[in-house]
Amino acid sequence: MPSRLDNKDTQRLEALASILGRCFCITVAALLFVWFVVIAFGEPVHRLHNMMIEISRPQFDLFVLASLTFIKSLNVVLFLFPYLAIKHFLRVQKGLEPAND
């Protein structure tokens, strides 16, 4: 039979899940902001990068797309999956507690 967590460990896991959830939301907001900037101001952003390194517009678009995809994947793996796992674990632990009659 699995062992139950004490109240302090449960609170720590809830705090960790809360932090992971916030990190996920902040990263999604940052990704949406970058996407909006690239969509709304794509040409000026490309010109700015083109002054630093010689890059064509299709290469720039591909780089931005690959970067956003990579960060989105990391966001899911590093923040969302652990958040969901902790929440599921806590829900299972809550189900193991004896009912108070």
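Predicted model: local features only at pLDDT ≥ 70, side-chain atom pairs only at ≥ 80, totals over all residues.
Asp 9 and Arg 12 sit 3 residues apart in helix H1 (residues 7-40), about one turn of the helix from each other. Their side chains meet in a salt bridge, with N to O at 3.6 Å.

**Overall shape**
- From the N terminus on, the elements run α-α-α.
- The C-alpha trace spans about 70 × 20 × 20 Å along its principal axes.
- The radius of gyration is 21 Å, whereas a compact globule of 101 residues would have one near 13 Å.
- Residues 24 or more positions apart make up 75% of the contacts with a separation of 6 or more.

**Surface and charge**
- Of the 101 residues, 17% count as buried.
- The chain exposes about 7,900 Å², and carbon and sulfur atoms supply 69% of that area.
- There are 10 positive and 8 negative side chains, and the centres of the two sets lie 3 Å apart.

**Salt bridges**
- The count comes to 3 salt bridges.
- Arg 57 and Glu 43 meet in a salt bridge of 3.0 Å, N to O. This pair links distant parts of the chain, with Arg 57 in helix H3 (residues 57-96) and Glu 43 in helix H2 (residues 42-52), 14 residues apart.
- Asp 61 also forms a salt bridge with Arg 57, the closest N and O atoms being 2.9 Å apart. Salt bridges that share partners join Glu 43, Arg 57 and Asp 61 into one network.

How values were computed:
Residues numbered from 1 in each chain as written. Heavy atoms only, no water. Helix = DSSP H or I, 4+ residues; strand = E, 2+ residues; numbered from the N terminus. Rg over C-alpha atoms; globule rule 2.2 N^0.38 Å. Buried < 20%, exposed > 50% of the residue type's maximum accessible area, 1.4 Å probe, protein only. Contact = heavy atoms within 4.5 Å. Areas by Shrake-Rupley, 256 points an atom, 1.4 Å probe, with all protein chains shown as cover. Lys, Arg positive; Asp, Glu negative; His and termini not counted. Charge placed at Lys NZ, Arg CZ, Asp CG, Glu CD. Salt bridge = Lys/Arg side-chain N within 4 Å of Asp/Glu carboxyl O.
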